[in-house]
Amino acid sequence: MKKKRKNKLATIFVVLVIVLAAAFVFRGTLYRGVTGYKEDGGRKNYKVKDKNLAVFIENNIDNPADDIESIIDLSLKITGRALDYSTEATENDPNKTVLLRRASNAGYAAFTASAGNYLIDKYKLSKIWEAQPVKGKLFVFGQDMQKRTKNKSFKDYDFVIFRNKITKREICVDPAAYDKFGIKRISKY
């Protein structure tokens, strides 16, 4: 009787580990399946003007980027290395947040777009691609989180759109979701 119980507990444990491992491996797909972002206006797009910001970006280039996907991934990594998330942060200008080391969702988006545009220029893709931070709304299971919760971090949920100027293809990212959960791409609602 005790042996059957131990076997049952061991089986439950193994199944639980497999489910958690699968959820971790497929977290991006799961996240995109339950969340969506709706563009709700533009945000200021900051140029890299401060020497500290340019040096920070240059010092955090692990490998040269050879396409837009690697530029986007590098922009997200650089943002994660530069900033800590804070709902109380009010500064969004990446030329300042690189020194403050903290930003809200809007600051994360502004930083990623600035780093992205810097890298797009560096790797000579600016005639084709651009990065733009946008004000957005976050939907979870089709529900507008701005209306469903009193949490102020959902008021305007900024994200970044990397847009091909020729084909109009868009690649959307949420730098805060990347920093917290490792989610590289998001879906527009």
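Let's start with Asp-158, which is buried, at a relative accessible area of 1%. Buried here means under 20%, exposed means over 50%, and partly exposed lies in between, with a 1.4 Å probe and protein chains only. This is a predicted model, where local features need pLDDT of at least 70 and side-chain atom pairs count only at pLDDT 80 or more, while totals for chains, interfaces and linings use all residues. Residues are numbered from 1 along each chain as its sequence is written, and side-chain values use heavy atoms, with hydrogens and water left out.

So, what does Asp-158 meet in a salt bridge? The partner is the side chain of Arg-43, at 2.7 Å from N to O. Arg-43 sits in the loop between β1 (35-42) and α3, and Asp-158 in the loop between α7 (145-148) and β6, so this pair ties together parts 115 residues apart in sequence. Arg-43 itself is partly exposed, at 31% relative accessibility. By salt bridge I mean a side-chain nitrogen of Lys or Arg within 4 Å of a carboxyl oxygen of Asp or Glu. Helices (H or I, at least four residues) and strands (E, at least two) are DSSP runs numbered from the N terminus.

The whole structure holds 10 salt bridges. A network of them links Glu-69, Asp-73, Arg-169, Lys-184 and Arg-185. Glu-69 is in helix α4 and Arg-169 in the loop between β6 and β7, so parts 100 residues apart in sequence are tied together. Asp-73 and Arg-185 also meet, at 3.0 Å from N to O. Asp-73 is in helix α4 too, and Arg-185 is in the segment after α8 (175-181), so this pair ties together parts 112 residues apart. Are these two residues buried or exposed? Asp-73 is buried, with a relative accessible area of 19%, and Arg-185 is buried at 16%.

Now please look at helix α3, residues 51-59. Leu-53, Phe-56 and Ile-57 are buried there. They are on the same side of α3, because they cover an arc of only 95° around the axis, taken from the directions from the helix axis to the C-beta atoms. As a reminder, an α-helix has 3.6 residues a turn, so residues three or four places apart point the same way. Which residues are exposed on the other side of α3? Those are Lys-51 and Asn-59. The buried residues of α3 pack against α4 (68-82), α5 (94-100) and α6, where contact means heavy atoms within 4.5 Å. At the N-terminal end, Asp-50 caps α3, with a side-chain oxygen 2.9 Å from the backbone nitrogen of Asn-52.

Over in helix α6 we find Asn-117. Asn-117 is buried, at 18% relative accessible area. Leaving out residues up to four places away in sequence, Asn-117 touches Asn-45, Glu-130 and Ala-131.

Two lysines are worth a click on your screen. Lys-124 has a phi near 55°, a positive value in a residue other than glycine, and lies in the loop between α6 (105-122) and β4 (129-140). Lys-168 has a phi near 70°, again positive, and belongs to the loop between β6 (159-164) and β7 (170-173). Both are exposed, Lys-124 at 73% and Lys-168 at 54%.

To finish, the overall picture: the protein has eight helices and seven strands, and 42% of its 189 residues count as buried.

Methods. Polar contact = N/O pair within 3.5 Å; in protein donor to acceptor, adjacent residues only side chain to side chain.
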